[in-house]
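Biologist: Could you walk me through this one slowly? I keep hearing labels, and I'd like to know what stands behind each of them.

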Amino acid sequence: MLLLDYPSHQRRLLPLLAKVCMMSSASNFMKNVYVKRTPEISKAIHVYSSALKATLTWQNMTTLQECREACGGQGLKTENRLGIFKAEFDVQSTFEGDNNVLLQQVSKALYTEFLTTQRKKKPFKGLGLEHLNGPCPVIPHSLTSDILRSSKFQMDLFCLRERDLLKQFAEEVARYLAQGESRERALMLSYQIAEDLARAFTERTILQIFLEDEMNAPAGSLKDVLGLLRSMYVMVCIDESASFLRYGYLSRDNVATVRKEVMILCSELRPHALAIVDSFGIPDAFLSPLAFDWIEANALSSGSE
């Protein structure tokens, strides 16, 4: 029996695969924005790069660790290079800026945008914040599988969270200012909501970027798989984040329904797992022995010893 045919291994690895695909799409978006940069979008580049750098590098380490553990003792062998990758990529969490600080910069930028629109009485424009100009999304009380997989519901939920957290962040900073704190100090003291807001902005951005790529894909099996990856990403984001319960965006029953949906999506993604990984076009020469016949590879290692 293959390891990936165990439901527990599917739950450990397939959500990571979905996140890799979603974040790869966001990474390509960031590259395109940078290549076509103009002085007018320098601020947007800073916000997007700060948000994505922090999120993607953290996810990189999470993925490596889970894959290492999922491979058991084989994941520790030098020839399989998982340990080497962990040592090599760990520095990404702090170089070019500590990830926690970068997320705070994202929230500060969003706070500035909020104040500017309030002061000038103009609508939000840029950074995907245009959704803040419309009415507040309404989330159904009871969630079915069809609703959970609806791209409209997914965007509504992520936009609702971002909208509410931005408002809460501005209100908390205002309370500290009213108590006589400096603006810098008020922003520092509001770091908890600031981090939640930055994560909400980043996850909504990643979803929005992927949705555009999905919409441009021709109808057929590819588009169906992209839809599964998107839904898996959203469901796992909900399942892993306390914010949806903490701030009341979803009920306990709805969060429990999301958790069950993750398992269903795992079983539906399982047949496509290898094809999705192959789609990255990584040459066989770059792969470790563990990616092939690991039993034979171990026998050869023992024989050479």
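What follows is a chat about the labels and the values behind them.

Modeller: Two ground rules before we start. This is a predicted model, where local features need pLDDT of at least 70, side-chain atom pairs count only at pLDDT 80 or more, and totals for chains, interfaces and linings use all residues. Residues are numbered from 1 along each chain as its sequence is written, and side-chain values use heavy atoms, with hydrogens and water left out.

Biologist: Okay, why is Lys19 called buried?

Modeller: Buried means under 20% relative accessible area, exposed means over 50%, and partly exposed is in between (1.4 Å probe, protein chains only). Lys19 has 8% relative accessibility, so it counts as buried.

Biologist: How many salt bridges does the rule give?

Modeller: The count comes to 17. One of them joins the side chains of Asp5 and Arg270, at 2.9 Å from N to O. That pair links distant parts of the chain, 265 residues apart: Asp5 is in the segment before helix H1 (7-35), and Arg270 is in the loop between helix H11 (252-269) and H12.

Biologist: Are Asp5 and Arg270 buried or partly exposed?

Modeller: Arg270 has a relative accessible area of 19%, so it is buried. Asp5 has 32%, so it is partly exposed.

Biologist: What about Glu162 and Arg204, how do you know that they form a salt bridge?

Modeller: Their closest N and O atoms are 2.7 Å apart. Glu162 sits in helix H6 (residues 151-178) and Arg204 in helix H8, 42 residues apart. Glu162 is buried because its relative accessible area is 1%, and Arg204 is buried with 1% as well. There is also a network: salt bridges that share partners join Arg11, Asp239 and Arg259.

Biologist: Now the surface. Which residues form the nonpolar patch?

Modeller: Val20, Phe280, Ile282, Phe286, Leu287 and Phe292, with about 540 Å² of accessible area together. A patch takes residues with over 30% relative accessible area and no salt bridge, and nonpolar side chains are joined within 5 Å. Phe280, in the loop between helix H12 (273-278) and helix H13 (294-304), has 36% relative accessibility, so it counts as partly exposed.

Biologist: Why is Gln74 called buried?

Modeller: Gln74 has a relative accessible area of 18%, so it is buried. Gln74 is in the loop between helix H2 (42-70) and helix H3 (82-89). Leaving aside neighbours within four places in sequence, Gln74 is in contact (heavy atoms within 4.5 Å) with Asn80, Leu290, Trp294 and Asn298.

Biologist: Last one: which residues line the largest cavity?

Modeller: Gln104, Ser107, Lys108, Phe169, Leu187, Tyr191 and Ala194. A cavity is a set of points on a 1 Å grid where a 1.4 Å probe fits but cannot get out, and lining residues have an atom within 4 Å of a point. The largest share of the lining, three residues, comes from H4.

Methods: Patch = residues over 30% accessible without salt bridge, like charges linked within 9 Å, V, L, I, M, F, W, Y side chains within 5 Å. Areas by Shrake-Rupley, 256 points an atom, 1.4 Å probe, with all protein chains shown as cover. Salt bridge = Lys/Arg side-chain N within 4 Å of Asp/Glu carboxyl O. Helix = DSSP H or I, 4+ residues; strand = E, 2+ residues; numbered from the N terminus. 1 Å grid on protein atoms, 1.4 Å probe; cavity = no way out; pocket = protein on both sides within 12 Å on 5 of 7 lines; lining within 4 Å.
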